[in-house]
Amino acid sequence: FLIELFKRCQEIGIHTALDTTGYVRWDKLKQILSCTDLVLLDIKHIDPAVHRELTGLDNTIILENARKIAKSGKPVWIRYPLVPGCNDSEQNISATGEFVLSLGLKQIDILPYHRLGKGKYERLDMEYPLPNAQSYSEHQIEQIKARLEKLGLEVRVA
């Protein structure tokens, strides 16, 4: 469905963007890339064990797909969703930045955790998965941004 939709969008001049975790077989991803103008790819954690602990999935396929997408020449924006105490250690921030640079990319978007979804969970009578997590202060975001910029990356905060 998505391939057909993207093809038709491109035929009539509508820009296509694939927002993905990258957790998909390469043969499937390659098919959709043929009709995708831009890829938005989330990197949640560099360490496979920690990634598995946080998400339930290994990140090997995600990181390999990131490499393949970058090599394809397809425009890709790496997005780094920051979650306090989960993936915001100095080591992971640096490793994520270095990984982005290893792809030949110069930009990263950081997506700081916020508590805006908490009310939705409550209305759905669901337990909020991060009840004690606090939103980042502006100062904390600036520090993280500065660390990534020091590596040579352009950093956008979304």
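Mentor: A salt bridge here is a side-chain nitrogen of Lys or Arg within 4 Å of a carboxyl oxygen of Asp or Glu. Keep in mind that this is a predicted model.

Trainee: OK. How far apart are N and O in the salt bridge of Arg156 and Asp109?

Mentor: The side chains of Arg156 and Asp109 meet at 2.7 Å, N to O. Arg156 lies in strand β5 and Asp109 in strand β4, so the pair ties together parts that are 47 residues apart in sequence.

Trainee: And Asp109, buried or exposed?

Mentor: Asp109 counts as buried, because its relative accessibility is 7%.

Trainee: How many salt bridges does a search of the whole structure find?

Mentor: The search gives 9. One of them joins the side chains of Arg79 and Asp19, at 2.9 Å from N to O. Arg79 sits in strand β3 and Asp19 in strand β1 (residues 17-20), so this pair links parts that are 60 residues apart in sequence.

Trainee: What about the accessibility of Arg79?

Mentor: Arg79 has a relative accessible area of 16%, so it is buried. Asp19 is at 48% and counts as partly exposed. The cut-off for exposed is over 50%.

Trainee: Switching to α1. Where do Glu4 and Arg8 lie relative to each other?

Mentor: Both are in helix α1, 4 residues apart, which is about one turn of the helix. Glu4 is partly exposed at 39% relative accessibility, and Arg8 is exposed at 52%.

Trainee: Which residues make the nonpolar surface patch?

Mentor: Phe1, Leu2 and Leu5 make a patch of about 340 Å². Leu5 belongs to helix α1, residues 2-11. At 37% relative accessibility, Leu5 counts as partly exposed. Patches take residues with over 30% relative accessible area, and Leu5 passes that with its 37%.

Trainee: Now α7. What span should its 13 residues have?

Mentor: Helix α7 covers residues 138-150, and at 1.5 Å a residue it should span 18 Å. The C-alpha atoms at its ends are 18 Å apart, so the two values agree.

Trainee: Which α7 residues are buried?

Mentor: Ile141, Ile144, Lys145 and Leu148 are buried in α7. They cover an arc of only 100° around the axis, so they are on the same side of α7.

Trainee: What do those buried residues pack against?

Mentor: They pack against β3 (76-82), α5 (90-102), β4 (107-112) and β5 (154-157). Strand β3 holds Arg79, while β4 and β5 hold the pair we began with, Asp109 and Arg156.

Trainee: And which exposed residues are on the face turned away?

Mentor: His139 and Lys150 are carried on the face of α7 turned away from its buried side. After α7 comes Gly152, with a positive phi near 105°.

Trainee: Last one, Pro48. Which helix is it in?

Mentor: Pro48 is in helix α3, residues 48-55. It is partly exposed, with a relative accessible area of 33%.

Trainee: What does Pro48 touch, leaving out residues up to four places away in sequence?

Mentor: Asp58 and Asn59. Pro48 and Asp58 are 10 residues apart along the chain, and their C-alpha atoms are separated by 5.4 Å.

Key: Residues numbered from 1 in each chain as written. Predicted model: local features only at pLDDT ≥ 70, side-chain atom pairs only at ≥ 80, totals over all residues. Heavy atoms only, no water. Patch = residues over 30% accessible without salt bridge, like charges linked within 9 Å, V, L, I, M, F, W, Y side chains within 5 Å. Areas by Shrake-Rupley, 256 points an atom, 1.4 Å probe, with all protein chains shown as cover. Helix = DSSP H or I, 4+ residues; strand = E, 2+ residues; numbered from the N terminus. Buried < 20%, exposed > 50% of the residue type's maximum accessible area, 1.4 Å probe, protein only. Expected span 1.5 Å × (residues − 1). Arc of directions from axis to C-beta. Contact = heavy atoms within 4.5 Å.
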